[in-house]
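Work through the exercises below with the sequence and the structure in view, and try each task before you read its solution.

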Amino acid sequence: MPTLASTYQQDANATNKRDVGALVTNSSPTDSPIFSLLNSNAASGRVKESVTDVNAAANKDNALAEGGSLTTPDSYVARDIESNVMQIFRKTISVTGSQETVAKYGGVTSEISYMTKQKFIELSTDVEQAFIQGSSATGTTATGRKLSGLVEKITTNALTIALTSATWTGTSDANLALYEDLFNDLLDTMWETGQSPNTVFVGGAQKRRISKLSTKVTRNIKAEEKTQILSINMYDSDFGVVNIILDRYVPDANIIALALDKWETSYLRRFQKMELAKTNDSTQIAIVGELTLDGKTEKAGGKITAL
């Protein structure tokens with residue numbers, strides 16, 4: 001009669017076949033809401049410029065006396081220029097001939113194809129972060145140009161509040177009411193400058209806080225559905241309906257509101273993949289694009305900053 005082993009015998013020589021998943025699971029974030037939502041245009045220079053103008057304020061006393069002179073010209077304010085520099089975004093990969101050829105787990109058949117796709121995704125998140133947090137730099141032969149992002153670029157419709165204030169952090173009904181007033185003050189400020197905000201971008205902390213504005217509403221829910229919705233993704237304000245979009249690159253100290261049709265991605269060079277000259281037993285690929293955040297006027301944006 002055969003003897004059965006009473007203990008587990010480890011495969012010391014690694015002769016057992018490994019059970020490896022058929023797909024690669026990448027846990028990194030891939031979302032880029034602003035970059036994905038903006039329309040695009042073609043640029044022709046290293047700096048994208050927009051001409052802005054304003055009308056004279058409405059004047060209820062615009063009344064000419066009968067027979068009065070028509071020759072006195074109205075006052076005139078010169079048109080202005082707003083600009084943003086083109087930033088060169090790049091990713092470079094290098095894959096040896098051996099790594100490209102060997103069998104790989106996770107359903108990867110070509111290391112070059114896999115890494116190229118990965119780098120395009122990384123570029124989209126690089127652009128997204130730059131569009132929000134970018135700090136303008138003209139660049140030199142040694143350092144790259146950097147575009148100005150929304151937090152820096154928006155200056156007219158800018159509200160501030162103390163970072164530790166009860167309005168910004170408090171959880172009482174009174175605190176949330178003040179927070180909602182502050183949120184509406186932002187939309188009001190944009191409306192006063194002639195803009196129609198339709199989209200608000202926030203990070204996780206402010207998204208949760210905006211959603212708290214729904215908790216004091218009485219709801220009737222069917223018991224069998226067992227669903228309670230405690231989030232706000234669309235806010236119907238006195239100044240129009242705005243979409244509330246979660247964006248992981250908006251700092252928790254900011255709320256950003258946009259009239260989305262006044263902002264575009266301007267490309268001097270759209271992203272292109274190019275294979276570099278071979279100097280060794282590897283394939284090198286560079287992905288390069290040159291673009292900027294093109295605001296037709298910074299007044300088409302508004303922000304709250306907690307200081």
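**Exercise 1.** Sort the residues of the lining of the largest cavity into nonpolar, polar and charged.

*Solution.* The model is predicted, so that local features need pLDDT of at least 70 and side-chain atom pairs pLDDT 80 or more, while totals for chains, interfaces and linings use all residues. Residues are numbered from 1 along each chain as its sequence is written, and side-chain values use heavy atoms, without hydrogens and water.

Begin with the term: a cavity is a set of points on a 1 Å grid over the protein atoms alone where a 1.4 Å probe fits but cannot get out, and lining residues have an atom within 4 Å of a point. Next, list the lining, which consists of Lys-48, Ser-50, Glu-82, Ser-83, Asn-84, Lys-153, Leu-293, Asp-294 and Gly-295. Finally, sort these residues, counting Asp, Glu, Lys and Arg as charged and Gly among the polar ones; the result is one nonpolar, four polar and four charged.

**Exercise 2.** Find which elements give two or more residues to this lining.

*Solution.* They are strand E2 (47–52), strand E3 (80–85) and E11, where strands are DSSP runs of E with at least two residues, numbered from the N terminus.

**Exercise 3.** Describe the open sheet and identify the strands at its edges.

*Solution.* The order is E1-E10-E11-E4, with mixed pairing, and two strands pair if DSSP finds at least two bridges between them. Strand E1 (39–42) and strand E4 (87–96) each have a single partner strand, so one side of each lacks a neighbour in the sheet. E1 pairs with strand E10 (residues 263–275) in the parallel sense over four bridges, and Asn-39 has Glu-264 as its bridge partner in E10.

Notes
1 Å grid on protein atoms, 1.4 Å probe; cavity = no way out; pocket = protein on both sides within 12 Å on 5 of 7 lines; lining within 4 Å.
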